[in-house]
Amino acid sequence: MTARRLLFRNLNAKIAALPMIATVLVVFIGCTVWTVVYSFTSSRSLPMLNFVGFDQYTRLFGASRWDVSIKNLAIYGILSLIFSLVVGFILAVFMDQKIRFENAFRTIFLYPFALSHIVTGLVWQWILNPFGIEKVVRDLGFESFSFALLSNRSMAIYAIVIAGLWQGTGLVMALMLAGLRNIDEEIWKAARVDGIPTWKTYVFVIIPMMRPVFITTLVLIATGIVKLYDLVVAMTNGGPGISTEVPAKYVYDFMFGWANLGQGLAASTVMLATVLIILIPWAMLEFGGRKAK
Amino acid sequence: MAEATIIHAAPHAKAEPWGARPRRMFAPATVMVYGVLIVAALYYLLPLYVMVMTSLKGMPEIRLGNIFAPPVEITFEPWVKAWSQACTGLYCEGIRTGFWNSVKITIPSAIISIFIASVNGYALSNWKFRGSEVFFTILLFGAFIPYQVMLYPLVIITRELGIFGSLPGIVLIHTIFGMPILTLLFRNYFASLPPELFKAARVDGAGFWRIFLQIMLPMSLPIFVVGIILQVTGIWNDFLFGVIFAGTQNFPMTVQLNNVVNSVQGVKEYNVNMAATILTGAVPLLIYFFSGRYFVRGIAAGAVKG
């Protein structure tokens with residue numbers, strides 16, 4: 001009787017929250033567990049529970065395509081993290097100098113973020129093709145100038161980095177600017193009274209104070225990087241050859257293209273593990289630390 | 001302001017300096033700040049400029065000229081062709097089918113996901129029940145799980161429900177994956193409203209739905225605008241879910257655009273491709289330009305955790 005009363009207390013709220021509860025239990029927990037379990041099977045085009053231990057993982061880490069995918073993701077990830085944080089922060093600092101036309105600049109830096117990765121990829125594919133920058137510079141008289149990033153196996157991934165940075169840096173700028181605006185004016189006054197140069201104030205006072213903003217931004221970009229898929233499909237579709245393959249595309253191709261489900265599931269489980277490696281330390285820092293206070 | 005100080009200071013040039021130090025218009029630091037910002041702005045604007053210019057040129061001019069040059073002869077033919085004749089594989093109906101598919105996907109997805117998330121957020125901030133915070137925490141963490149992990153099981157679930165490869169299927173998927181960020185948005189907003197309001201309504205005997213519909217909803221128009229912007233741009237820009245769950249006849253605009261531009265058959269018409277690309281980007285861009293403040297607020301809400 002009491003158990004029933006407990007269940008029915010606040011019943012409306014529970015009914016209203018049913019979609020959320022279902023999403024959490026079925027999708028976020030259920031589907032994730034399903035994927036991890038089936039990644040240990042030899043499923044081909046249909047999921048089957050014939051367990052083969054770590055076979056799929058052994059095959060995965062032995063595949064050159066996966067190797068290339070991981071390396072590309074590392075290149076893309078490291079470069080976009082560094083550049084978007086540095087450039088985003090510098091732009092934010094410049095925007096914070098009580099400049100005129102701040103709104104115009106903000107609008108310009110942030111508009112690519114409204115565009116999809118597909119649109120971004122197709123635009124940059126056009127700019128970076130041989131008709132594009134390369135031809136313009138050659139017409140200026142530099143006959144041997146070569147800027148065919150997209151047809152060059154070892155350079156194509158950097159073209160994707162350029163496009164990704166164009167799309168995403170504005171977001172970092174906006175977040176950093178919000179962080180800078182949250183810094184107390186008094187800090188600046190104190191630094192000025194003490195005669196500390198502006199750049200030193202930024203490096204030794206402001207940046208350490210903005211640590212939470214940096215960490216949040218970092219986590220946000222990093223989890224976005226792992227999902228990198230659309231941009232590659234639009235710009236190179238993994239080519240030339242397999243030189244711009246990424247893990248998310250590996251998963252998709254094995255699951256839906258080549259009907260090798262077990263392999264795709266194993267690859268997606270590795271992606272999940274990668275995200276957890278980023279996420280768990282952050283969560284412990286963010287939420288564990290708060291409780292300790 | 002700066003000019004005024006300079007004029008004012010002139011007669012005293014020989015005397016002792018007084019007042020605040022006049023800020024010169026062309027101080028090296030100012031020049032550098034504006035210089036860097038302008039160069040960066042040009043870099044950001046360049047792709048948009050190239051897109052528009054290319055889309056207004058004829059093919060012969062594109063083959064001869066450089067991509068940064070403005071068109072000698074402006075033509076709107078590529079736009080017409082992109083909208084109504086561009087080919088994906090065998091079908092040459094332009095990307096308008098994709099446009100209307102995206103409309104058909106975006107509107108119900110946005111409405112349903114915002115309705116569910118607003119009720120969720122309201123329950124989570126005003127009607128906490130045992131375990132509600134646990135579910136909410138998992139929901140937020142779910143936002144970080146790579147979609148690839150959940151794709152295949154969701155294919156099975158939607159297939160079992162009989163909605164795989166259909167409009168209801170893709171709407172369900174967008175509702176699921178929009179839930180974490182939207183719920184966070186609404187929960188934080190409702191939590192920031194004065195609690196007296198809620199308590200007074202409770203004392204007057206209003207229940208769960210009545211308080212939501214008559215008190216909370218009228219007060220939360222701004223956050224609904226933020227939610228709509230977030231969802232409409234997000235769903236419009238989606239590619240992965242559309243390609244898997246919508247079914248061939250419902251492919252959203254992004255998928256169709258990619259098929260048009262990256263199709264291997266036929267002669268590449270770069271001007272048509274760029275016109276199609278602009279048309280696909282136009283909806284989120286217009287939303288962004290007309291609602292800048294709310295847009296920034298939406299992404300900030302996504303970044304700053306409560």
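Student: What share of residues 163-186 of chain B is helix, and how far apart are the end C-alpha atoms?

Tutor: A helix here is a DSSP run of H or I with at least four residues, a strand is a run of E with at least two, and both are numbered from the N terminus. Residues 163-186 of chain B are 83% helix and 0% strand, and their end C-alpha atoms are 29 Å apart. This is a predicted model, where local features need pLDDT of at least 70 and side-chain atom pairs count only at pLDDT 80 or more, while totals for chains, interfaces and linings use all residues. Residues are numbered from 1 along each chain as its sequence is written, and chains are lettered from A and ligands numbered from 1 in the order in which they are written.

Student: Which feature does UniProt place at residues 163-186 of chain B?

Tutor: UniProt positions follow the numbering used here, feature names are shortened, and annotations may be inferred rather than shown by experiment. An unreviewed UniProt entry gives "transmembrane region" for several spans of chain B, including 105-123 and 163-186. Residues 105-123 of chain B are 100% helix and 0% strand, with end C-alpha atoms 27 Å apart. The unreviewed annotation "domain: ABC transmembrane type-1" covers residues 99-291 of chain B. That span is 80% helix and 0% strand, and its end C-alpha atoms are 21 Å apart.

Student: Where does UniProt place that domain feature in chain A?

Tutor: In chain A, the unreviewed entry puts "domain: ABC transmembrane type-1" at residues 70-282. Here the chain is 76% helix and 0% strand, with 22 Å between the end C-alpha atoms.

Student: What is the radius of gyration of chain A?

Tutor: The radius of gyration is taken over C-alpha atoms, and the globule rule is 2.2 Å times the number of residues to the power 0.38. Chain A has 24 Å, whereas a compact globule of 293 residues would have a value near 19 Å. The C-alpha trace of chain A spans about 65 × 65 × 30 Å along its principal axes.

Student: Is S132(B) buried or exposed?

Tutor: A residue is buried if 20 or more other C-beta atoms lie within 10 Å of its own, exposed if 12 or fewer, and partly exposed in between, with C-beta atoms placed from the backbone. S132(B) is buried because 20 other C-beta atoms lie within 10 Å. S132(B) sits in helix α6 (residues 132-142) of chain B. Leaving aside neighbours within four places in sequence, S132(B) is in contact with A17(A) and L124(B).

Student: What share of each chain counts as buried?

Tutor: In chain A, 41% of the 293 residues count as buried. In chain B, 43% of the 306 residues do. Just after α9(B), G205(B) has a positive phi of about 90 degrees.

Student: Where is F101(A), and what is its phi?

Tutor: F101(A) lies in the loop between α5 (64-95) and α6 (102-114) of chain A. Phi of F101(A) is near 60 degrees, a positive value in a residue other than glycine. F101(A) counts as partly exposed because it has 13 C-beta neighbours inside 10 Å.

Student: Which residues have the most contacts inside the largest nonpolar core?

Tutor: A nonpolar core is a set of buried Ala, Val, Leu, Ile, Met, Phe, Trp, Tyr and Cys residues joined through C-beta atoms within 7 Å. The largest one has 155 residues, and those with the most contacts inside it are A159(A), I160(A), L228(A), A267(A), I95(B) and A276(B). Not counting residues up to four places away in sequence, L228(A) touches L73(A), Y76(A), V246(A) and A248(A).

Notes. Two residues are in contact if their C-beta atoms, placed from the backbone, lie within 7 Å.
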